[in-house]
Amino acid sequence: MTLTERQEYLEGGFEKVECARCEALVRVRKSSPQQTSVQWTTDATRLCAAKLNALVPTCRDLRASIDDAVRAGKLEVS
Ligand SMILES: [Zn+2]
């Protein structure tokens with residue numbers, strides 16, 4: 001197994017979603033319609049959440065982008 005393959009294996013179920021406003025790229029996994037896991041990279045935090053000056057990384061526009069991805073079928077609930 002190459003390092004890339006191993007990373008993909010470990011990150012199974014996560015899809016990249018870009019915030020429509022700040023272009024921050026995060027990994028998102030939906031385990032149920034109500035439950036969304038978001039993995040923030042350092043870059044994404046800097047681009048998106050840091051602008052909001054929040055302790056917990058969250059962005060209203062990213063939420064909308066995630067919802068759009070689910071509606072478009074890009075993000076499967078698994
Ligand atoms: Zn954002």
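A residue is termed buried under 20% relative accessible area, exposed over 50%, and partly exposed in between (1.4 Å probe, protein chains only). By this criterion Cys48 is buried, at a relative accessible area of 1%.

The structure is a predicted model, in which local features need pLDDT of at least 70 and side-chain atom pairs count only at pLDDT 80 or more, while totals for chains, interfaces and linings use all residues. Residues are numbered from 1 along each chain as its sequence is written, and side-chain values use heavy atoms, with hydrogens and water left out.

The pLDDT, the predictor's confidence in each residue from 0 to 100, has a mean of 80 over the protein chain, with 73% of the residues at 70 or more. Helices (H or I, at least four residues) and strands (E, at least two) are DSSP runs numbered from the N terminus. Confidence is lowest in helix H1 (residues 3–10), at a mean of 60, and highest in strand E1 (residues 15–18), at 92. Where pLDDT is low, the predicted coordinates should not be read in detail.

Donors are N, O and S atoms within 2.8 Å of the metal (3.2 Å for Na, K and Ca); water is not among the atoms, so sites may look incomplete. The zinc ion is coordinated by the SG atoms of Cys19, Cys22, Cys48 and Cys59, at 2.0 to 2.3 Å. The angles between these four donors run from 92 to 133°, which makes the arrangement tetrahedral (for four donors, all angles between 85 and 135 degrees). Along the chain the donors follow the spacing C-x2-C-x25-C-x10-C. Cys48 lies in helix H2 (residues 42–52) and Cys59 in the loop between H2 and helix H3 (60–71), so this pair ties together parts that are 11 residues apart in sequence.

Contact means heavy atoms within 4.5 Å. Leaving aside neighbours within four places in sequence, the contacts of Cys48 are Cys19, Cys22, Ala24, Trp40 and Cys59.

| Residue | Relative accessible area |
|---|---|
| Cys48 | 1% |
| Cys59 | 3% |
| Lys30 | 6% |

Lys30 lies in strand E2. Its side chain makes a polar contact (a pair of N or O atoms within 3.5 Å; within protein, one must be able to donate a hydrogen and the other to accept it, and residues adjacent in sequence count only if both atoms are side-chain atoms) with the side chain of Thr36, at 2.7 Å. The Lys30 side chain also reaches the backbone oxygen of Pro33 at 3.2 Å.

Notes:
Four donors count as tetrahedral if all angles lie between 85 and 135 degrees; four count as square planar and six as octahedral if opposite donors are over 155 degrees apart and all others between 65 and 115; anything else is irregular.
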